[in-house]
Amino acid sequence: MSETHSFSRRELLQGASMLAATTAMTALTGCGPKRSSSSGHGLPGVDVSGSHSLKAHAMDARMLFGFAVNTQKLRDDAAYRALVEQQCSIIVAENAMKWQALRPAIDQFSFADADALVEFAASRHIRLRGHNLCWHEALPEWFAKQVTAVNARQLLRDHIRTVAGRYAGRMHSWDVVNEAIDVKDGRPDGLRNTPWLQLIGTDYIEMAFRVARDADPSALLTYNEYGIEQETQDAAMKRAAVLLMLRRLKQRNVPLDAVGIQSHLQAQSAYGTGLQRFVRDCREIGLEVFLTEMDVNDRTLPSDIATRDITVARLYRSYLDLLLPERNVTAVLTWGVSDAGTWLNNGKDRAREDGLPQRPLLFDDHLRAKPAFVAVRETFDARRQAGALRSTPTPQKPLPKL
Ligand code: XIL
């Protein structure tokens, strides 16, 4: 899908009216509107609460919707917490379950934040994804000094047993291995040359999944990856390497249930049939697909906020229109709750040249719904309608499930 056609009238109207409302309310209050107590967080004319929430529309389309959350904000910021409760049927810790957060020392675990998140989710009947058990980033400082080829295998095994075991039966899914492919590292199998690969060997991936299944038999075990979304040669090669690895794991009966497509999108990039084919290939080998970390990097877009918000909304819409008709796509999560906390505003390499903050998410930095919220909700409705059409009963055939 190219991003060349012009905005629809509906999109322009939505964008313009939401922006006008934002500007008017900001002018009135000086700091943006307070959250409305009864109708939730929406701007006038856009109700985002109750049956109008993303979780409600997702559920009608047989999907889960949610955010990556910051555990500190969830504890300290009531408005943030209310928005999570209002919109999410699933959440994931943005950082609280990574090694760096859980492992202050090689022989210690610190579970306070992760435990609090598990309790929060359980008490609100929100499903929880675990992110992640094995990754080459977010490793604690002691890792480089203390982990060797002698102790690495046992350390990874113990970590997965302890962490996945602690929350067994309470997790929707675990990202068991995150980002294990990097074609640029030059290996014929496409594996990234990570510390885990160097210290344990190529079977670290298989080992991680097997230990995770033993520790928590009910969580959906997921392989999570980025850089496989676009229609570029690089992404196509990475998709091929990921699929090769997934097929090999399946052939060896490694317990693997789902693929996470991170979906950190770039404004003005093309997404299309290559990725759609990938999702279908995943279905053929029996894998569910979760869109695990959606956001839109807007650094190539002009400064003007209305233009940016509408362009970002259009990309959410076209990306989800591409993938949500695939029935094995069962969850959509954005990487963050609002533009206020997005990781895209940390780090020079992601900064906009005009110095303005990025606006990659569905809610603005005052937790007000943006045009992208409406776009995403409509893609959920389109999936529901397509599913309903497909399941129209015929005399001979039993009703297919959505
Ligand atoms: C990011 C977090 O958002 C940041 O707060 C942190 O500083 C670095 O990690 N892919 C992943 C996520 O799998 O864990 C990353 O999260 C974003 C890219």
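Colleague: What covers the buried residues of α6?

Modeller: The cover includes β1 (64–69), α3 (71–76), α4 (78–87), β2 (90–93), α5 (99–102) and β3 (127–134). The cut-off for contact is heavy atoms within 4.5 Å. This is a predicted model: local features need pLDDT of at least 70, side-chain atom pairs count only at pLDDT 80 or more, and totals for chains, interfaces and linings use all residues. Numbering starts from 1 along each chain as its sequence is written, and side-chain values use heavy atoms, without hydrogens and water.

Colleague: What makes residues 112–123 a helix?

Modeller: Helices are DSSP runs of H or I with at least four residues; strands are E runs of at least two, and both are numbered from the N terminus. Helix α6 has twelve residues. Its C-alpha span, first to last, is 16 Å, close to the expected 16 Å. The expected span is 1.5 Å times one less than the number of residues.

Colleague: Which residues of α6 are buried, and why are they said to line one face?

Modeller: Ala114, Leu117, Val118, Phe120 and Ala121 are buried. Seen down the axis of α6, these residues fall within an arc of 160°, so they line one face. The arc is taken over directions from the helix axis to the C-beta atoms. An α-helix has 3.6 residues a turn, so residues three or four places apart point the same way.

Colleague: Why is Gln87 called buried?

Modeller: Buried means under 20% relative accessible area, exposed over 50%, partly exposed in between, with a 1.4 Å probe and protein chains only. Gln87 is at 0%, so it is buried. Gln87 lies in helix α4.

Colleague: What does the side chain of Gln87 reach at 2.9 Å?

Modeller: The backbone oxygen of Val48. A polar side-chain atom of Gln87 is also 2.9 Å from the backbone nitrogen of Leu54. A polar contact is a pair of N or O atoms within 3.5 Å; within protein, one must be able to donate a hydrogen and the other to accept it, and residues adjacent in sequence count only if both atoms are side-chain atoms.

Colleague: Which atoms of the ligand have a polar side-chain atom at 2.9 Å?

Modeller: Glu293 has a polar side-chain atom 2.9 Å from a ligand oxygen. Trp335 also places one 2.9 Å from an oxygen of the ligand. For Glu179, the distance to a ligand nitrogen is 3.4 Å. The protein buries 76% of the 420 Å² that the ligand exposes when taken alone. Those areas come from the Shrake-Rupley method with a 1.4 Å probe; for residues, only the protein chains shown count as cover.
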